[in-house]
Amino acid sequence: MHIYPENHDIKDTYKILTAAVTPRPIGWVSSVNAAGERNLAPFSFFNVVGYDPPHVIFSPISPNGKKKDTLANILETGEFVVNMVTEELAEKMNKTSAPLPSGMDEFEFAGLTPEDSVMVKAPRVKESPIQFECEMVHHYSFVDRQNGSTVIFGRIKLIHVADEIMLPDFKINTELYKTIGKMEGGMYCRTRDQFFISREFDPKEWLKD
């Protein structure tokens, strides 16, 4: 079956993409506007891109051309925090996706604790075990679309990691750090079922046949 996005309703394309590209990590983005009003929202169109220097990328949409608070705040201040989501935070993360009136505090709505950042004005989610303080370095908008996206590139300025999940040599204890991933619709997945594949290749074994 061949599907040309331009020939289909955007909802159909969205359903295919979000089912095909799975699991997707969740970037729980906190921001603040110039007046000091906090905002917190999850994004599954998110990932880390590069590590030297470290950057993240995510893309909030603008329904009918109207910027949501996260995008408006970041374009205004140039700063944000990405808070990582674990199993025990899933329900509260989902609650912050509610379409609240502009200016309403998602931290209070979801029962979360805002914690001051060190290098940016945006607060962190204290309950999140890993947080990235970021500054926006670039943004690009897809214009003339009903639900056009703006891609935000952020450079990680500071990483916060909970002491209890740190192992020697800067490794993370994945048995304690139980992240979740986004599937299609309202479905999520856990990272409990993991398997290992070695990256040590022996060309002789590959070519012997």
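1. The charged end of Lys 95 sits over the ring of Phe 109. The distance to the ring centre is 5.0 Å. This is a predicted model, so the value is computed from predicted coordinates.

2. Next, the ring pairs. The structure holds three aromatic pairs. One of them joins Phe 43 and Phe 58. Their centres are 5.0 Å apart, and the planes make an angle of 50°, which counts as tilted. Phe 43 belongs to strand E2 and Phe 58 to strand E4, so the pair ties together parts that are 15 residues apart in sequence. Both residues are buried.

3. Phe 43 and Phe 58 also belong to a cluster.

4. Tyr 140 and Phe 142 form an edge-to-face pair. The centres lie 5.4 Å apart, with 90° between the planes.

5. Now helix H2, residues 69-77. Which of its residues are buried? They are Thr 70, Leu 71, Asn 73 and Ile 74. These four cover an arc of only 165° around the axis, which puts them on the same side of H2. An α-helix has 3.6 residues a turn, so residues three or four places apart point the same way.

6. What covers that buried side? The cover over the buried residues of H2 includes strands E1 (27-32), E2 (38-43) and E4 (54-58). It also includes strands E5 (79-84), E8 (130-141) and E9 (150-161).

7. Gly 78 follows H2. Its phi is positive, near 75°.

8. Finally, a loop residue. Thr 86 lies between E5 and helix H3 (90-95). Is Thr 86 buried or exposed? Its relative accessibility is 1%, so Thr 86 counts as buried.

9. Which residues is Thr 86 in contact with, leaving aside neighbours within four places in sequence? They are Pro 129, Tyr 177, Lys 178, Thr 179 and Ile 180.

Notes. Residues are numbered from 1 along each chain as its sequence is written. This is a predicted model: local features need pLDDT of at least 70, side-chain atom pairs count only at pLDDT 80 or more; totals for chains, interfaces and linings use all residues. Side-chain values use heavy atoms; hydrogens and water are left out. Buried means under 20% relative accessible area, exposed over 50%, partly exposed in between (1.4 Å probe, protein chains only). Helices (H or I, at least four residues) and strands (E, at least two) are DSSP runs, numbered from the N terminus. The arc is that of the directions from the helix axis to the C-beta atoms. Contact means heavy atoms within 4.5 Å. Rings of Phe, Tyr and Trp (its six-membered ring) pair if their centres lie within 6.5 Å; planes under 30 degrees apart count as stacked, over 60 as edge-to-face and the rest as tilted. A charge sits over a ring if NZ of Lys or CZ of Arg is within 6 Å of the ring centre and within 35 degrees of the ring normal.
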